[in-house]
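User: Please take a close look at the nonpolar core of this model, and then at the salt bridges. Give the cut-offs as you go.

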Amino acid sequence: MTAHFRVRGDVAVLVPAAGMGVRLGPGAPKALRLLRGEPLLVHAVRRVALAPSVGCIVVAAPADAVDDVTVLLSSIVAGETCVAAEPALVTSGAFDGSVALDGSGALDGAGASGGFGAAPGVRLIVVAGGASRQASVAAALAAVPDEFGIVLVHDAARALTPPELVEAVADAVRGGHGAVIPVLAVVDTIKQVDNSGVVVGTVDRSVLRAVQTPQGFRRDVLTSAHAAAVDEHTDDAGMAEKIGVAVHTVPGSEAAMKITRPFDLAVAELLF
């Protein structure tokens, strides 16, 4: 078996964070909702930045909050910070920082850090996101510096993802896989139903997996997948599948749950 040594800083992580997340309720963009006093985006970026392989994080922020998000995240990483948004995409001061579910939480970077400090030597780039997740990922990918050949895509809503999972995905890509996803076994019985709600079959759950992020790619694979896409996808690995790239799996983490609904946010509060 060939050993694949971890090389610090050879991975760029894209974090699309411009979506509104309507299932979480009305208010600020989902990535800026508060968890224990800090936005989900802060928790997600902080944990990603602590993975030794990560050398660059590119966040696709709401177009009217690029400057605010840059300031918010600059205290998390101790490396170079820059804004790479087109000036025309950034509006003038529409974002006032009120991101709590009840509108009372200020986006000032203060709050519980969960024992995580600033990560040294990680470059932070903030770009204006697009109208869809796919457009935001494409904007972030275009801003990745040339020296990073491994690119991971991570949902800010998976705010408690451990750094170890980031490393596992990066290691698998570094080991020769063009596309890698973390997965969990499906534990519920899955039924297939028709348009009227009648069960037409029971799916064999032994061959099913629930997919998480970060999803990892060779940079050329992710670039080609986005260039070939003709319709919208919510999953970058699915785009890679469509161009014929085999997608490898690694074990996921229960901590990498996706915070989509108010109930998920309440669970995350208990897990923090």
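Analyst: The largest nonpolar core has 37 residues, and those touching the most other members are Leu-41, Val-54, Ile-57, Val-59, Val-69 and Leu-73. A nonpolar core is here a set of buried Ala, Val, Leu, Ile, Met, Phe, Trp, Tyr and Cys residues joined through side-chain atoms within 4.5 Å. Buried stands for under 20% relative accessible area, exposed for over 50%, and partly exposed for what lies in between, with a 1.4 Å probe and protein chains only. At least two residues of this core come from each of β1 (11–16), α1 (40–49), β4 (54–61), α2 (66–74), β6 (123–128), β7 (150–153) and α4 (163–174). These elements are DSSP runs numbered from the N terminus: helices are H or I with at least four residues, strands are E with at least two.

The model is predicted: local features need pLDDT of at least 70, side-chain atom pairs count only at pLDDT 80 or more, and totals for chains, interfaces and linings use all residues. Residues are numbered from 1 along each chain as its sequence is written, and side-chain values use heavy atoms, with hydrogens and water left out.

Neighbours within four places in sequence set aside, Ile-57 is in contact with Val-13, Val-15, Val-45, Val-48, Ala-49, Val-122, Arg-123, Leu-124 and Ile-125. A second, separate core of 23 residues has Val-58, Ala-140, Val-144 and Ile-181 among its members.

Now the charged pairs. A salt bridge requires a side-chain nitrogen of Lys or Arg within 4 Å of a carboxyl oxygen of Asp or Glu; the count by this rule is 11. Glu-269 pairs with Arg-36, their closest N and O atoms lying 2.9 Å apart. Glu-269 is partly exposed at 25% relative accessibility, and Arg-36 is partly exposed at 38%.

Arg-174 and Asp-171 form another salt bridge, at 2.7 Å from N to O. The two are three residues apart in helix α4, so about one helical turn separates them. Arg-174 counts as buried, with a relative accessible area of 18%.

In the salt bridge of Arg-261 with Asp-264, the closest N and O atoms are 2.8 Å apart. Arg-261 is partly exposed at 45%, whereas Asp-264 is buried at 6%.

Conventions: Contact means heavy atoms within 4.5 Å.
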